[in-house]
Amino acid sequence: MKKFCNCCGKEIQFRQETGIALEDYVSIDKSWGYFSNKDGIRQRMNVCEACFDSWVRGFSLAPEEGNQQEWL
């Protein structure tokens, strides 16, 4: 199954033999609940690293960052 960045539309590359992504991306899966205008709606999206960096630059508060101890 192919995956695409929902922002720019670029295909996210995977190694066919293993299904392992050859580039990193953010996968968001949100089920909206009570007190939202989207109650009962589930949204899923993938965002490539370049689009994520661009998106985050527009935030008023930067995301918290830290070093990962173990990499999968």
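# Briefing on a predicted 72-residue chain

A compact globule of 72 residues would have a radius of gyration near 11 Å, whereas this chain has 15 Å; the radius is taken over C-alpha atoms, and the globule rule is 2.2 Å times the number of residues to the power 0.38. This is a predicted model, in which local features need pLDDT of at least 70 and side-chain atom pairs count only at pLDDT 80 or more, while totals for chains, interfaces and linings use all residues. Residues are numbered from 1 along each chain as its sequence is written, and side-chain values use heavy atoms, with hydrogens and water left out.

**The chain as a whole**

- The chain has 1 helix and 4 strands, and along the sequence they follow the pattern β-β-β-β-α; helices (H or I, at least four residues) and strands (E, at least two) are DSSP runs, numbered from the N terminus.
- Taken along the principal axes, the box filled by the C-alpha atoms is roughly 45 × 30 × 25 Å.
- Of the 72 residues in the chain, 11% are buried, where buried means under 20% relative accessible area, exposed means over 50%, and partly exposed lies in between (1.4 Å probe, protein chains only).
- The accessible surface of the chain comes to about 6,800 Å², and 49% of it belongs to carbon and sulfur atoms; such areas come from the Shrake-Rupley method with a 1.4 Å probe, and for residues only the protein chains shown count as cover.
- Among the contacts in the chain with a separation of 6 or more, 28% are accounted for by residues 24 or more positions apart, a contact meaning heavy atoms within 4.5 Å.
- The chain has 9 positive and 11 negative charges, and their mean positions are 8 Å apart; Lys and Arg count as positive and Asp and Glu as negative, without His and the chain ends, and a charge is placed at NZ of Lys, CZ of Arg, CG of Asp or CD of Glu.

**N46 and K3**

- N46 lies in strand β4, which covers residues 42–48, and N46 is buried, with a relative accessible area of 12%.
- Leaving aside neighbours within four places in sequence, N46 is in contact with K3, F4, C5, N6, C7, I12, Y25, V26 and S27.
- With one of these residues, S27, the side chain of N46 makes a side-chain polar contact of 3.3 Å; a polar contact is a pair of N or O atoms within 3.5 Å, where within protein one must be able to donate a hydrogen and the other to accept it, and residues adjacent in sequence count only if both atoms are side-chain atoms.
- K3 belongs to strand β1 (residues 3–4) and is partly exposed, with a relative accessible area of 25%.
- Not counting residues up to four places away in sequence, K3 touches K10, E11, I12, F14, Y25 and N46, and a polar contact of 3.2 Å joins the side chains of K3 and Y25.
- Although K3 and M45 are 42 residues apart along the chain, their C-alpha atoms are separated by 9.4 Å.

**The loop between β2 and β3**

- F14 lies in the loop between β2 (11–12) and β3 (25–31), and at 25% relative accessibility F14 counts as partly exposed.
- Beyond neighbours within four places in sequence, F14 is in contact with K3, G19, I20, A21, L22 and Y25; the C-alpha atoms of F14 and K3 are separated by 8.8 Å.
- D24 is found in the loop between β2 and β3 and counts as exposed, at 61% relative accessibility.
- With neighbours within four places in sequence left aside, D24 is in contact with C48 and E49, while D24 and F52, 28 residues apart in sequence, are 11 Å apart in space, C-alpha to C-alpha.

**The loop between β3 and β4**

- W32 is located in the loop between β3 and β4 and is partly exposed, with a relative accessible area of 28%.
- Apart from neighbours within four places in sequence, W32 is in contact with K38, D39, G40, I41 and Q43.
- The side chains of W32 and Q43 are joined by a polar contact of 2.9 Å, and the C-alpha atoms of W32 and Q43 are separated by 8.1 Å.
- F35 also lies in the loop between β3 and β4, and F35 is exposed, with a relative accessible area of 90%.
- F35 has a positive phi of about 70° although it is not a glycine. Most residues other than glycine have a negative phi.
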